[in-house]
Amino acid sequence: MSSTINDFVVRFANVNGTGSASANFLFAKAIFRMGIPVTPKNIFPSNIQGLPTWYEVRVSEKGYLGRREGIDLMVCVNPQSMIQDVKSVSPGGYFLYDSTKKLAVEYIRPDVNYLGIPLMEMCNAEFKDPRQRQLFKNIIYVGALAQLLNIEFEVLQELLAEQFIGKEKLIAPNIKSLQLGMNYVQEHFTYPLPIHLERRNLIGERIMIDGNSACGLGALYGGATVCAWYPITPSTSVAEAFENYANELRIDKLTGEKNFAIVQAEDELAAMGMVIGANWNGARSFTATSGPGVSLMNEFLGLAYFAEVPAVLIDVQRTGPSTGMPTRTQQSDIQLAAYASHGDTRHILLLPSTPKECFEMTAQSFDLAEQLQTPVIMLTDLDLGMNDHMSEPFEWDDSYTYNRGKVLTASQLNDIGRFGRYLDTDGDGITYRTYPGTHPTKGAFFTRGTSRDEYATYTEDGAAYKRNMERLMVKWNTAKNMVPSPEIYQKKNQSHLGVIFFGTSTYSAEEAMDQLREEGIFIDALRLKAFPFNQTVDDFIQSHQTVFVIEQNRDAQMRGLLINELQVNPAKLIPVLNYDGMPITAHTIATQISTYLLQTTPQTNELPAAII
Amino acid sequence: MSYLRPLFRHPKLPTNKIGYTKKEYEGALSTLCAGCGHDSISAAIVQACYEMSIEPHHVAKLSGIGCSSKTPTYFLGNSHGFNSVHGRMPSVATGANLANRNLVYFGVSGDGDSASIGMGQFVHVIRRNLNMVYIVMNNGCYGLTKGQDSATADEGSKSKSGSVNPFQAIDLASLAVELGATFVAQSFSGDKQQLVPLIKAAIHHKGFAFINVISPCVTFNNNPGSTKSYDYVREHVEATSTVDFVPEKREIKAYYDEGTDTLVTMHDGSYLHLHKLAKDWDPQNRISAANALQKARAKGEILTGLLYVNTDFKELHETLNTTKQPLNTLTEKELCPGSAALASINAGLR
Ligand SMILES: Cc1ncc(C[n+]2csc(CCOP(=O)(O)OP(=O)(O)O)c2C)c(N)n1
Ligand code: SF4
């Protein structure tokens with residue numbers, strides 16, 4: 001392995017529930033504090049305690065934040081997974097292990113460098129309490145890594161001081177443990193390793209946060225007052241984050257009363273029912289769930305679409321179908337969410353790629369839901385939701401006011417003749433609503449999932465039903481220009497190749513485009529941010545001969561949606577897929593694209609003109 | 001269509017305290033079968049709201065799916081209504097109530113709606129003590145889907161199609177008492193004298209008020225064998241108490257005979273005046289209510305009246321400690337912490 005500075009992958013193999021998470025985060029955060037781009041990922045099993053769990057940290061001078069294959073340094077603290085962990089190290093890589101016990105021969109690979117540290121022995125000598133022994137073992141390896149990789153000790157000290165505000169007694173033993181690890185390395189190994197860190201100034205104002213916390217904060221800023229939810233990995237921390245921020249920022253200091261209500265519902269059906277009830281009654285309300293929860297919410301989503309009640313749903317996708325791999329990531333609820341419920345139903349989807357977008361789009365989703373009087377579904381995923389990401393800082397414009405959509409007040413009702421809840425007065429398909437309790441004699445209407453006429457009166461008249469369904473399509477077309485527009489990455493010399501991606505495939509897609517460019521393959525790119533697709537998406541596809549669609553599911557669901565919605569020739573859209581439950585990598589993308597191009601372009605010695 | 005309301009109204013219809021005539025509390029014409037018990041319950045709701053001088057637009061009426069759940073169209077035409085999905089009215093009502101605690105919430109459901117598909121939500125809305133009136137129009141069958149047995153159908157009873165129900169019936173009133181509902185009453189759709197005051201008391205109750213109303217389905221379950229038929233109910237009702245609802249402003253003390261009466265204080269200071277028929281009936285004793293229901297059931301009797309009330313529990317908003325101001329009236333001023341708070345959040349994430 002060549003000596004690389006600020007460009008490598010470290011993987012930690014731990015036992016679930018042993019307190020390794022905070023030690024590993026300390027490691028990642030220290031690199032971030034040294035001004036070097038870093039991206040950590042949890043790779044955890046679906047169980048509570050005692051089984052193997054991994055944490056992977058990619059360091060990238062170039063700022064690539066997608067996952068990268070290959071492990072340069074394996075920190076193995078779990079004997080259970082050791083055989084597999086040894087195998088996963090890249091040739092020439094390092095294997096740091098607890099050498100309290102001698103390593104058996106089957107773990108020895110000639111092409112791997114071993115760094116044995118008697119973690120357990122050191123810990124037992126230093127600490128008496130069994131829990132402490134377990135916790136500080138983790139800190140000792142962080143100390144060792146600091147020495148091996150050149151992490152600044154002051155940075156670690158600073159982070160520990162911040163972490164233990166109010167529990168200062170804990171700082172000393174942590175520092176002690178760090179030093180134990182550092183000393184051991186100083187005495188036994190040559191350091192730093194060829195892979196190591198050097199302070200940079202590449203972070204700027206960026207912050208580090210997970211997508212779910214960003215969504216929770218976005219809901220708070222977006223003016224949500226009612227949150228109803230039911231626990232499910234990987235979405236649970238959205239509601240928890242909302243609650244934490246709300247407890248901090250939304251409680252009246254004098255009375256202790258809350259400007260919000262959070263209900264942990266009995267199931268997802270109830271959670272969605274509460275969201276609909278609250279929105280119907282004029283409160284901004286949301287829920288967060290994952291695939292199985294969306295399945296349960298289908299009936300209510302159809303009701304909200306047809307009865308035209310706003311609702312915000314944050315779907316943090318995980319691997320399906322059914323229980324699938326509950327703690328692994330996928331983008332596989334696309335079609336379920338887009339068309340949730342029976343009949344001709346369709347929903348607005350928002351597709352954030354970063355925590356900043358999680359924050360902004362969640363806040364914006366309430367405006368969209370109320371303006372369009374329809375459910376808005378945020379599609380994030382486990383990778384974005386549960387992993388810490390470097391992100392641009394959040395911003396808020398204080399002059400911004402919530403757009404509550406077309407809601408009539410009592411005096412407006414006085415000024416009009418007969419109120420028609422489903423009358424398309426403005427020609428944009430969006431009708432006026434009233435909140436319950438507005439006016440003694442005007443504006444009351446009956447909300448129902450059954451067909452009705454423009455005055456909300458029940459009818460099974462086919463013509464009235466058709467008029468209504470067609471108006472809903474007018475509204476859908478209006479929505480096209482209200483949802484966030486796609487981002488286009490296009491050089492001056494337009495290629496005839498295009499690529500479309502969205503959400504968490506973005507980091508790896510961008511990196512893959514760079515890799516392909518080095519091979520002489522230039523591709524224009526479009527990042528989807530929302531469904532319905534607007535004209536830009538159509539134009540992009542029309543103006544390219546071949547368009548790759550990158551996504552993380554088996555059935556190329558986004559490609560299907562594009563074909564269905566834009567009437568494009570399916571042969572033109574080439575799927576680029578990953579669905580093993582791990583985040584897609586640049587390598588996967590670049591390989592699939594170049595393989596396709598090699599297979600479809602006539603073989604000459606020169607690069608075909610077609611792909612330049 | 002069960003009844004044709006005359007279009008002509010006498011110009012001098014009596015008005016209530018806030019100047020409304022009964023007309024203001026009526027809804028669209030019913031499309032239920034003529035004689036359906038549900039229509040009588042709608043009429044009782046109209047009567048109760050009129051007599052209590054409730055502003056019609058301060059009521060939100062929600063329902064699930066079923067003949068019974070259609071009824072909110074037929075009362076309080078000036079109120080917003082929400083006919084949601086089958087069995088899931090309680091969650092929609094919960095959300096609505098969280099959004100605006102100042103309205104009166106009426107939930108209407110059927111026995112299919114509440115005792116089968118919606119059992120989970122029924123249980124949990126009780127558990128949360130949502131401040132609402134929850135009426136089950138209980139006919140022991142599925143009316144809208146044409147007469148199948150519901151979970152409250154009597155064991156051994158025959159459905160219209162002739163099949164015999166092999167399962168035990170769920171007794172919703174017992175269940176509500178058992179689950180700790182803070183107000184549980186039972187009545188019969190044909191007994192307006194009893195039903196109207198019960199509805200009035202339920203409205204005044206601050207918390208979850210459940211009224212199970214036996215409401216015969218004339219089309220599918222008015223069979224001689226059914227305990228939800230007219231004849232059966234007429235023969236087997238046992239009233240726990242005669243109920244009179246007394247608004248707080250009225251002088252009450254001299255009005256009642258001592259010894260046989262109980263006054264139940266409602267949250268707003270009004271009273272429920274109960275004239276006990278059964279010996280030692282104490283509507284504030286949950287255990288005796290549960291026992292009495294079980295005993296009546298064993299005898300094939302239907303206990304009616306106010307079975308249980310408890311005004312000591314917090315309703316949902318009190319439990320959550322939400323602001324007194326309805327959440328749906330809060331603006332960005334109260335809701336959005338602004339850019340300065342965000343800057344410090346950013347700073348904490350570096
Ligand atoms: C999810 C779902 N399943 C089934 C139905 C069909 N359905 C409509 S009403 C009804 C039963 C209604 O019975 P009940 O609640 O007792 O009311 P009733 O009509 O007797 O007043 C059923 C099963 C439905 N609308 N939705
Ligand atoms: S079918 Fe039964 S419950 Fe339905 S309207 Fe007719 S009588 Fe009433």
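At what angle do helix α7 (residues 211-221) of chain A and helix α8 (residues 236-249) of chain A pack? Their angle is about 50 degrees, and their axes lie 7 Å apart, where axes are lines fitted to C-alpha atoms, for helices over the stretch in contact, and angles run from 0 to 180 degrees between N-to-C directions. Helices (H or I, at least four residues) and strands (E, at least two) are DSSP runs, numbered from the N terminus. The structure is a predicted model, in which local features need pLDDT of at least 70 and side-chain atom pairs count only at pLDDT 80 or more, while totals for chains, interfaces and linings use all residues. Residues are numbered from 1 along each chain as its sequence is written, chains are lettered from A and ligands numbered from 1 in the order in which they are written, and side-chain values use heavy atoms, with hydrogens and water left out.

α7(A) and α8(A) are therefore oblique to each other, given that angles under 35 degrees count as roughly parallel, over 145 as roughly antiparallel, 65 to 115 as roughly perpendicular and the rest as oblique. Their crossing is right-handed, a term used if the near helix is turned clockwise from the far one by less than a right angle, whereas anticlockwise is left-handed. Contact, meaning heavy atoms within 4.5 Å, involves residues of α7(A) including Asn212(A), Cys215(A), Leu217(A) and Leu220(A), and residues of α8(A) including Val238(A), Phe242(A), Tyr245(A) and Leu249(A). The residues of this contact divide into 10 nonpolar, four polar and no charged (Ala, Val, Leu, Ile, Met, Phe, Trp, Tyr, Cys and Pro count as nonpolar, Asp, Glu, Lys and Arg as charged, and the others, Gly among them, as polar).

α7(A) also packs against helix α12 (residues 355-372) of chain A, at an angle of about 30 degrees and with the axes 7 Å apart, and this crossing is right-handed. Among the residues that meet here are Ala214(A), Leu217(A) and Tyr221(A) in α7(A) and Cys358(A), Phe359(A) and Phe366(A) in α12(A); the contact divides into 10 nonpolar, three polar and no charged residues.

Elsewhere in chain A, the axes of helix α4 (residues 130-149) and α6(A) come within 7 Å and cross at roughly 50 degrees, and the two helices are therefore oblique to each other. α4(A) passes α6(A) in a right-handed crossing, with residues including Phe136(A), Ile139(A) and Leu148(A) in α4(A) meeting residues including Pro173(A), Leu178(A) and Met182(A) in α6(A). This contact divides into 11 nonpolar, six polar and no charged residues.

The loops of chain A hold some backbone features of their own. A cis peptide bond with omega of about -10 degrees joins Tyr191(A) and Pro192(A), and Pro192(A) lies in the loop between α6 (171-188) and β7 (207-210). A cis peptide bond also joins Gly320(A) and Pro321(A), with omega of about -5 degrees, and Pro321(A) is placed in the loop between β11 (311-317) and α11 (334-338). Ser341(A), found in the loop between α11 and β12 (348-350), has a phi near 90 degrees, a positive value in a residue other than glycine.

Turning to the interface, 54 residues of chain B are in contact with 67 residues of chain A. The two chains bury about 5100 Å² between them, 60% of it on carbon and sulfur atoms, buried area being the accessible area (1.4 Å probe) that two parts lose on being put together, summed over both. His80(B), Phe82(B) and Arg350(B) supply 15% of the area that chain B buries against chain A, more than any other three residues. Between the chains the count is four salt bridges, each a side-chain nitrogen of Lys or Arg within 4 Å of a carboxyl oxygen of Asp or Glu. Lys324(B) forms a salt bridge with Glu257(A), their closest N and O atoms being 2.5 Å apart.
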